[in-house]
2 protein chains.
Amino acid sequence: MRLYIAPQTCSLAPHLALEYAGAQYEISHLHFGNNQQRSPEYLAINPKGRVPALVTDRGILTETPAILVFIAQSYPQAELAPLHDAYEFAKLQEFQNYLSSTVHVAHAHRPRGARWVDDPAALEAMRRKVPQNMAECFELIERDYVRGPWVFGEKLSLADFYLFAIAQWLEADGVEPARFPKVQALQRRLEADPRAQRVLAQQSPPA
Amino acid sequence: MRLYIAPQTCSLAPHLALEYAGAQYEISHLHFGNNQQRSPEYLAINPKGRVPALVTDRGILTETPAILVFIAQSYPQAELAPLHDAYEFAKLQEFQNYLSSTVHVAHAHRPRGARWVDDPAALEAMRRKVPQNMAECFELIERDYVRGPWVFGEKLSLADFYLFAIAQWLEADGVEPARFPKVQALQRRLEADPRAQRVLAQQSPPA
């Protein structure tokens with residue numbers, strides 16, 4: 001399998017999942033700086049022009065929550081998701097969908113506001129509200145979702161990889177990460193693991 | 001199970017799924033007109049103040065794609081999702097996540113722009129771009145996702161319920177639905193089914 005990634009994006013989540021699954025995989029870096037995600041070559045892989053994209057022997061997958069669950073189902077022995085309990089699986093999916101459709105979107109109004117407005121003053125108005133929206137999202141995550149030490153308690157799962165990828169944006173979004181101690185402890189715990197360190201060291205393309 | 005719904009929202013998708021699954025379920029209508037989704041009673045059910053929410057005997061589920069897959073897994077004999085093929089299941093999840101995190105969000109910038117800006121001029125700027133964004137989303141859906149007659153070809157699935165729920169917004173979003181003949185044929189096909197008709201007749205609360 002080949003995963004297309006870019007630094008500081010949610011592609012970090014499936015990258016972590018592949019590593020923890022023990023998968024054989026290769027990484028391709030996209031250079032957002034020169035808009036490589038909009039190149040004809042990449043649009044042939046992902047017409048949406050975004051990362052991540054996962055090339056499998058059956059075809060290409062996009063959308064982070066779908067890719068994450070596909071990795072867990074492809075490597076069940078790694079136990080990265082509660083695949084045999086429909087309710088717990090739905091709670092995992094609920095959390096991942098909240099990250100994707102609400103939290104990621106709240107963040108995107110800072111760096112990617114041009115998706116939704118053309119007017120420069122409106123872009124500024126959007127950016128102003130990002131700290132408040134991101135803080136509200138993380139209050140809910142801290143209070144209702146993170147059981148501790150991992151999102152689903154004692155068992156590391158896909159949810160931790162995805163939350164880790166998105167929580168790395170907090171400071172640049174104008175939110176003090178220390179306001180969310182359970183989230184911060186989860187980040188420190190994952191960063192201390194050599195498998196996560198291997199993945200983090202590969203986020204930037206080789207010089 | 002009890003599903004909380006409101007007319008003209010994506011709660012129509014899990015409502016259709018429950019009906020086609022042959023589930024025993026009850027419906028509770030929320031009155032968005034008097035902001036009932038923000039009442040203390042409902043916030044105790046769904047702290048996000050949105051629909052849908054599904055009350056199960058194990059707990060409460062939110063987020064449309066998670067609820068949809070939970071229904072399909074709880075009633076496997078209805079065959080509403082490719083549960084035994086990880087790649088096809090991932091394609092279903094990819095499509096549902098695209099609807100949730102990109103298409104629904106593109107639409108929400110018209111009626112729910114106050115989530116992301118406070119400034120009235122910026123709200124107007126957002127609304128102006130909604131027709132273009134929704135049209136681009138549906139061009140991708142029509143070209144890349146709808147195999148026909150249903151999203152996944154000959155087999156009706158969760159994806160059709162979710163697309164149906166979101167496609168009902170096109171006209172109000174300033175997009176001519178006839179531009180997308182495969183989507184429109186799918187809508188007509190579903191509307192012609194007595195099971196869908198039973199669900200559609202229940203969207204508004206009893207007078």
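1. Basis of the values. In this predicted model, local features need pLDDT of at least 70 and side-chain atom pairs count only at pLDDT 80 or more, while totals for chains, interfaces and linings use all residues. Residues are numbered from 1 along each chain as its sequence is written, chains are lettered from A and ligands numbered from 1 in the order in which they are written, and side-chain values use heavy atoms, with hydrogens and water left out.

2. Interface between the chains. Chain A contributes 46 residues to the contact and chain B contributes 46 residues, where contact means heavy atoms within 4.5 Å.

3. Aromatic pairs. Over all chains there are twelve aromatic pairs. Rings of Phe, Tyr and Trp (its six-membered ring) pair if their centres lie within 6.5 Å; planes under 30 degrees apart count as stacked, over 60 as edge-to-face and the rest as tilted. The pair of A:Tyr87 and B:Phe70 is edge-to-face, because the ring centres are 6.3 Å apart and the planes stand at 80°. This pair joins two chains, because A:Tyr87 lies in helix 4 (residues 86–108) of chain A and B:Phe70 in helix 3 (residues 64–74) of chain B. Helices (H or I, at least four residues) and strands (E, at least two) are DSSP runs, numbered from the N terminus. A:Tyr87 is buried at a relative accessible area of 8%, and B:Phe70 is buried with a value of 8%; buried means under 20% relative accessible area, exposed over 50%, and partly exposed in between (1.4 Å probe, protein chains only).

4. A pair within chain B. The rings of B:Tyr20 and B:Phe161 have centres 4.9 Å apart and planes at 40°, so this pair is tilted. B:Tyr20 belongs to helix 1 (residues 12–21) and B:Phe161 to helix 6 (residues 158–167) of chain B, so the pair ties together parts that are 141 residues apart in sequence. Both B:Tyr20 and B:Phe161 are buried. In chain A, ring pairs link A:Phe95, A:Tyr98 and A:Tyr145 into a cluster.

5. Nonpolar cores. A nonpolar core is a set of buried Ala, Val, Leu, Ile, Met, Phe, Trp, Tyr and Cys residues joined through side-chain atoms within 4.5 Å. The largest has 128 residues, of which A:Phe138 and B:Phe138 touch the most other members. Apart from that core lies another, of 16 residues, including A:Trp116, A:Val117, A:Met126 and B:Val117. Not counting residues up to four places away in sequence, B:Phe138 touches B:Val103, B:Leu163, B:Ile166, B:Ala167, B:Leu170, B:Phe180 and B:Val183.

6. Bent helices. Helix 5 (residues 120–145) of chain A has 26 residues and spans 36 Å from its first C-alpha to its last, close to the 38 Å expected at 1.5 Å a residue; the expected span is 1.5 Å times one less than the number of residues. Helix 5 of chain A bends by about 35° at A:Val130, and a proline, A:Pro131, follows within four residues. The bend at a residue is the angle between axes fitted to the seven residues ending there and the seven starting there. Helix 4 of chain B bends by about 35° at B:Leu99, and 21 of its 23 residues are buried.

7. Backbone points to inspect. A cis peptide bond joins A:Val51 and A:Pro52, with omega about 0°, and A:Pro52 lies in the loop between helix 2 (40–45) and strand 3 (53–55) of chain A. The bond from B:Gly148 to B:Pro149 is likewise cis, with omega near -5°. B:Glu63 has a positive phi of about 80° although it is not a glycine, and B:Glu63 is buried with a relative accessible area of 11%. B:Glu79 also has a positive phi, about 50°, without being a glycine; B:Glu79 is partly exposed, with a relative accessible area of 46%. Most residues other than glycine have a negative phi, and most peptide bonds are trans.
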